[in-house]
Amino acid sequence: MTSISVARANTRAGQTLSQVLGEAGIGVALLALAGFFLVAAPHFATTGNVRDIMTQITLNTILAVGMTFVILVGGIDLSVGSVIALCAVVAGKAMENGGSSAIPLAVALSLAIGAACGLVSGFVTERWRVPSFIVTLGMLYVARGAAEQYTGARTIYSLPRALTSFGTATVAGVPAVFAVALLIVAVAWFVLSRTVFGRLVYATGNNEEAVRLSGHRTGLIKVVCFVIGGSCVGIAAVVYMARLGVASPILGQGYELNAIAAVVIGGASLSGGRGSVIGTLLGACLLGVLTNGLLLMGVSDFQRMIVTGAVIIVAVILDAYRKRLMTRLAAGG
């Protein structure tokens with residue numbers, strides 16, 4: 001075996017070991033956190049509270065799965081909170097006029113608008129080589145303004161009962177909306193780990209130039225990842241309406257940061273090329289358990305923000321340690 005082959009084998013081993021260590025570490029942290037709240041918050045382990053946690057993490061999980069694709073190719077999407085609002089008000093108005101029979105149309109509209117926003121962000125980023133955080137920051141304002149303009153800053157309350165019933169339904173004791181999130185996680189895991197496209201996503205994030213020289217259109221791969229992220233936002237908007245029973249242009253504020261936090265805590269690198277959907281799911285669960293447990297303990301909103309921020313900083317520090325581990329393994333020492 002040549003020295004190059006050895007280096008490549010060491011790199012793959014390092015990436016695999018780093019990912020396994022990362023996911024195992026998050027799993028251990030999640031169990032430790034749950035164990036702490038079991039003692040500190042008497043109502044934490046009740047069936048109703050566990051169901052509440054599942055419902056609460058549904059939106060973050062769906063958004064974070066889409067954000068995982070974007071971050072894996074080295075991008076970021078700051079517009080997801082505003083795009084949720086735009087998808088929701090357009091879909092909500094369709095259902096306000098058409099009732100239950102308009103639900104399929106509303107879902108299709110929400111998906112189409114989310115995907116279109118992702119397409120625009122991804123295309124502008126790639127066509128003019130503009131950093132994605134600047135493009136999506138612009139999309140944040142465009143989508144929020146469009147949602148306000150479309151509704152005249154009015155909240156839509158007249159949503160069909162069939163939709164809101166879905167928001168409170170359960171499947172074998174699991175909230176139906178959380179089951180949708182798990183289905184999206186399963187599909188995303190399959191795409192990233194069992195398809196050629198998934199391997200190209202990781203490769204583009206790791207070494208875009210090498211992928212381009214091998215004959216693949218890296219720009220198209222990146223745009224598709226933004227479209228996938230936008231489609232997840234469209235699904236999240238429908239789930240959001242089902243849970244709240246309203247469609248408002250102020251929905252989704254701050255959700256982009258929650259999604260990014262879940263992905264980063266889940267072990268993804270903001271420079272691209274490393275991360276996993278399972279890690280993202282664990283990251284969203286950790287944030288959900290942390291928020292729920294602190295709420296049960298009576299911790300204030302401001303203190304919860306401090307704790308959540310500290311957790312994100314710790315996750316970034318651990319990510320730096322993992323990078324050093326990969327570098328040492330790649331060097332064969």
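1. Let's start with Phe123, which is partly exposed at a relative accessible area of 42%. For the labels here, buried is under 20% relative accessible area, exposed is over 50%, and partly exposed is in between (1.4 Å probe, protein chains only). Keep in mind that this is a predicted model: local features need pLDDT of at least 70, side-chain atom pairs count only at pLDDT 80 or more, and totals for chains, interfaces and linings use all residues. Residues are numbered from 1 along each chain as its sequence is written, and side-chain values use heavy atoms, with hydrogens and water left out.

2. On to the rings: there are four aromatic pairs in the structure. Phe123 and Trp128 make an edge-to-face pair, because their planes stand at 90° with the centres 6.0 Å apart. The rule takes rings of Phe, Tyr and Trp (its six-membered ring) with centres within 6.5 Å; planes under 30 degrees apart are stacked, over 60 edge-to-face, and the rest tilted. Trp128 is exposed, with a relative accessible area of 52%.

3. Tyr240 and Tyr255 give a tilted pair, 5.6 Å centre to centre with 55° between the planes. Tyr240 lies in helix H10 (residues 218–244) and Tyr255 in helix H11 (residues 255–265), so this pair ties together parts that are 15 residues apart in sequence. Helices (H or I, at least four residues) and strands (E, at least two) are DSSP runs, numbered from the N terminus. Tyr240 is buried at 10% relative accessible area, and Tyr255 is buried at 18%. Elsewhere, ring pairs join Phe36, Phe37 and Phe44 into a cluster.

4. Two charges sit over rings. Lys93 lies over the face of Tyr150, 4.7 Å from the ring centre, and the charged end of Arg127 sits over Trp128, 5.2 Å from the centre of that ring. To count, NZ of Lys or CZ of Arg must be within 6 Å of the ring centre and within 35 degrees of the ring normal.

5. Have a look at Tyr157, in the loop between helix H5 (132–151) and helix H6 (161–168). Tyr157 is exposed, at 59% relative accessibility. Leaving aside residues up to four places away in sequence, Tyr157 touches Gly245 and Val246, where contact means heavy atoms within 4.5 Å. The C-alpha atoms of Tyr157 and Ser248 are 8.6 Å apart, although 91 residues separate the two along the chain.

6. The unreviewed UniProt entry annotates "transmembrane region" at several stretches, including residues 103–124, 220–242 and 277–296. In the model, residues 103–124 are 100% helix and 0% strand, with end C-alpha atoms 32 Å apart. Residues 220–242 are also 100% helix and 0% strand, and their end C-alpha atoms are 33 Å apart.

7. Helix H12 (residues 277–296) has 20 residues and reaches 28 Å from its first C-alpha to its last, close to the 28 Å expected at 1.5 Å a residue; that expected span is 1.5 Å times one less than the number of residues. H12 is largely enclosed by the rest of the structure, because 16 of its 20 residues are buried. Just after H12, Gly298 takes a positive phi of about 80°.

8. Finally, the cysteines: zero disulfides, with a disulfide taken as a pair of cysteine sulfur atoms within 2.5 Å. The sulfur of Cys225 has its closest cysteine sulfur in Cys232, 11 Å away and too far for a bond. Cys225 is buried, with a relative accessible area of 0%. Cys285 is in no disulfide either, its nearest cysteine sulfur being that of Cys232 at 16 Å; Cys285 counts as buried at 17%.

Note on methods: UniProt positions renumbered as here; feature names shortened; annotations may be inferred.
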